[in-house]
Amino acid sequence: MTTTIISKDQQNKYLNRELSWLQFNARVLQEAEDPTVPLIERLRFIGIFSNNLDEFFKVRYATVKRIVDAGKVGKNQLGGIAAAELLEEITKRVIKLQAHSFTILQQVEAELEKENIYIINEEEVTEAQSEFIKDYFTRKVSPALMTLMISELDEFPELNDGSAYLAIKMVMNKEDETFESKNNYALIEVPPTLERFVVLPESNGKQFIIMLDDLIRLRLENIFNIFNYRSISSHMIKITRDAELDLDSDLSRSFLEKISKGVDERSYGDPVRFVYDKDIDQNTLDFLLNKMGIEKTDSLIPGGRYHNRRDYMKFPSLGRTDLMYKSNPPLPVPGLSLQGSLFEAVAKKDYLIHAPYQTFSYIVRFLREAALDPKVQSIKITIYRLAEISHIASSLINAAKNGKSVTVQIELRARFDEAANIKYAEIMQKEDVNLIFGVTGLKVHCKACVIERVENGKTKRYSFISTGNFNESTARIYTDFTLFTSDNKIGKEINKVFNFFEVNYRIKKYRHLLVSPHYTRNAVYALIEAEIENHKLGLPSGIRLKLNSLSDYRMIDRLYKASRAGVKIQLIIRGICCLISGVKGMSENIEVISIIDKFLEHPRLYIFENAGKPKYYISSADFMGRNLDTRVEIACPIYDKDIKQEIKETFDICWSDNVKARLLSESENNAYRRNKKAKVRSQFKLYEYYQQKLK
């Protein structure tokens, strides 16, 4: 965790990072509650909310718990709140959010029934459905079941992180030599390899779904029929483990091996959260807590009947497109063709791609063309998160097979995507791709590519720089900007970044790119100071930022300083925001909104008014300590006047949102921004904006 020490008199100037994140996840839950959101999408937002919470406990809660376990208070690192107190506050808020999510789920299920879609449990199964379930269980479920008789085990088994388990209690008819106890316990892992929602045959125009958990409950007698029990009961439990990677210092092991080993060992990290069915009997709960060694500093969350609600992200569509968002095809970019040469087009002017409104295919097409083009000599690219089936990776391998010099900086520590990146790293290594595994102590988070092509005997550089990952899957649901340019000044400086990867004791100088960890912080400070001076001189001033997160205290202080000087600041922050807006004498000139909607808002934009000649940057870096100080990041200037205008107009559309924008303030109530202006739902408006550009 990146640490910034703050003094006592500063501790009321910031919102706590972890609690701010919980407020972000509450905004995700608002989407599940919103009656204007299609019903199946509302279920999927419940899944996103749950998945987010799982990752939060694996990483952020686990980090704070490590502070407590080390015997430290942690106030300076946590914005003025003690670590132990913060753990208690997190648990309290999560219990409240979870309870609210259950209420929302019940409301959505009631609405689904009006659409003749029924999610039934094991007690509601008809005789006809029972025959289908019996066959389905025999063919698919039974072979995949892992059943552990935990009463009889000397050591409690390591439970898989994130898996859901049915805790089984059998009250025996009589005690015999088989069992020493009247109550005997077992665990059944809900098979993660099977679909969680089992679609049953339709009946009288009605569609039925049973959850895999309930299907297993219905067949408990079949599973445990060799035992002589009087009664049997089942309740769901789930454990979440610390997911931070602790890498060993064995010098004989490659970095690839160390990361791979760390990912494998993540499954056995210390438990940090235990979620259980609140209706579980106390004897069973006490038995499990004792056997698992759950501590008081772990988060105990009494929940409902079902856990792993992240599976709702994959709730079946059932052919009901009327209950899902309309799927708009990604649009082409005027002037760019997927049929002709992209090199020829980019040689003439810069282009900006705004996914998913516009197609991500241009990036894959550009690399495909580079792989075949005899004039292309080399390709250098940074990779942070690859798709499970990556056309980006296959294009790079294709280029290497065609004799191009291909260099890939691949980040093996991209949290929860390490396994996919390791898989592709091993494949590329075998295909003679030159792999770089980053810089000691720094994650490489920037998204950039430079391609060198010989034209008329001279080397010309073509580059693309993005705010998001080169990932075909996420490009369908994350909004991101990618700049294509043949500006040699940009290409040369991207080359300098790659030189730094290889010889990282030499710190390069840059005139165009803002590069972390060496220059971004001070460069942004200087840009903010310039706005303060411009305002004092009566010149046009202003700061507009679009970020995923804003948590760096020192950067927040600079924004407070600009606000006190009278500089108007507009912030669009999707997630964490530790800055408190609208406080007289501190931040009255700062407004902050957050937009949560169909797509995940992901671009980072920095816009500085600069005395009437605005400076525009697209970046991979949020304003968090890690992005500024312990990661390699790039903020790329925009020089093309048409693209500057496009970025301004897209920011204006987002800023005018009065449907899905929430106001972020000290009250932390996630109030929707409402006004008397014409309704603007920015994500829908942006698609229309790009449609108009085609006309």
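Tutor: Strand β11, residues 376–383, is mostly covered, with seven of its eight residues buried (buried means under 20% relative accessible area with a 1.4 Å probe, protein chains only; strands are DSSP runs of E with at least two residues, helices runs of H or I with at least four, numbered from the N terminus). The model is predicted: local features need pLDDT of at least 70, side-chain atom pairs count only at pLDDT 80 or more, and totals for chains, interfaces and linings use all residues. Residues are numbered from 1 along each chain as its sequence is written, and side-chain values use heavy atoms, leaving out hydrogens and water.

β11 runs antiparallel to strand β15 (residues 447–455), joined to it by five bridges; pairing requires that DSSP finds at least two bridges between the strands. Val376 stands opposite Arg453 of β15. With strand β12 (residues 405–410), β11 pairs in the parallel sense over six bridges, and Ile381 has Val408 of β12 as its bridge partner. From β11 the chain crosses through helix α11 (residues 391–401) to β12 in a right-handed β-α-β crossover, that is, clockwise from the first strand over the helix to the second with the strands pointing away from the viewer.

As for nonpolar packing, the largest core has 91 residues, of which Leu550 and Leu579 touch the most other members. A nonpolar core is a set of buried Ala, Val, Leu, Ile, Met, Phe, Trp, Tyr and Cys residues joined through side-chain atoms within 4.5 Å. Helix α2 (residues 39–69) gives the most to this core, 14 residues.

Terms used. Buried means under 20% relative accessible area, exposed over 50%, partly exposed in between (1.4 Å probe, protein chains only).
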